[in-house]
Amino acid sequence: MNRVIHPLKPGSDGAGIADLQAALAALLARGAILPDAPDDSRALREAIAHEAGRYGDATAKAVSIAQHEAGLRATGAVDVETAARLNA
C-alpha cells in the first residue's frame, strides 16, 4: 500500500485519495477504527468504496473518526499529524 500524503481535503480527487481510501478501508477492516461497531465499519467501508478516488462525505467521515480516535482534532481533512497516524 502506498503512503498517505498530505494535505488532502474533501472535494479532492486523484491517486492520493485512492491511497487514503485504501488505508482507511484497511484500518476499518481490521478494527483499528470503529472497533466496537462492526456493522458501522462495514457500511463505512462500502461507502468509501463507492467514492472510488473522490474525497467525498464517507472518506471525510472516516478521516474524522480516525482523527478523533487518535486524539487529534477531527477536521475530516488530512494534515501532517493525520497522515503520520494513518501511515504508522
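Axes are lines fitted to C-alpha atoms, for helices over the stretch in contact, and angles run from 0 to 180 degrees between N-to-C directions. Helices are DSSP runs (H or I, at least four residues), numbered from the N terminus. This is a predicted model: local features need pLDDT of at least 70, side-chain atom pairs count only at pLDDT 80 or more, and totals for chains, interfaces and linings use all residues. Residues are numbered from 1 along each chain as its sequence is written, and side-chain values use heavy atoms, without hydrogens and water.

Helix H1 covers residues 15-29, and helix H2 covers residues 38-51. The axes of H1 pair up as follows.

| Pair | Axes come within | Crossing angle |
|---|---|---|
| H1 and H2 | 9 Å | roughly 165° |
| H1 and H3 | 11 Å | roughly 55° |

H1 and H2 are therefore roughly antiparallel (an angle over 145 degrees). In their contact (heavy atoms within 4.5 Å), Gln21, Leu24, Ala25, Leu28 and Ala29 of H1 meet Ser41, Leu44, Arg45, Ile48 and Glu51 of H2. These residues divide into six nonpolar (Ala, Val, Leu, Ile, Met, Phe, Trp, Tyr, Cys and Pro), two charged (Asp, Glu, Lys and Arg) and two polar (the others, Gly among them).

Leu20, Gln21 and Leu24 of H1 touch Thr59, Ala62 and Val63 of H3. Here four residues are nonpolar, two are polar and none is charged.

Conventions. Helix = DSSP H or I, 4+ residues; strand = E, 2+ residues; numbered from the N terminus. Parallel < 35°, antiparallel > 145°, perpendicular 65-115°, else oblique.
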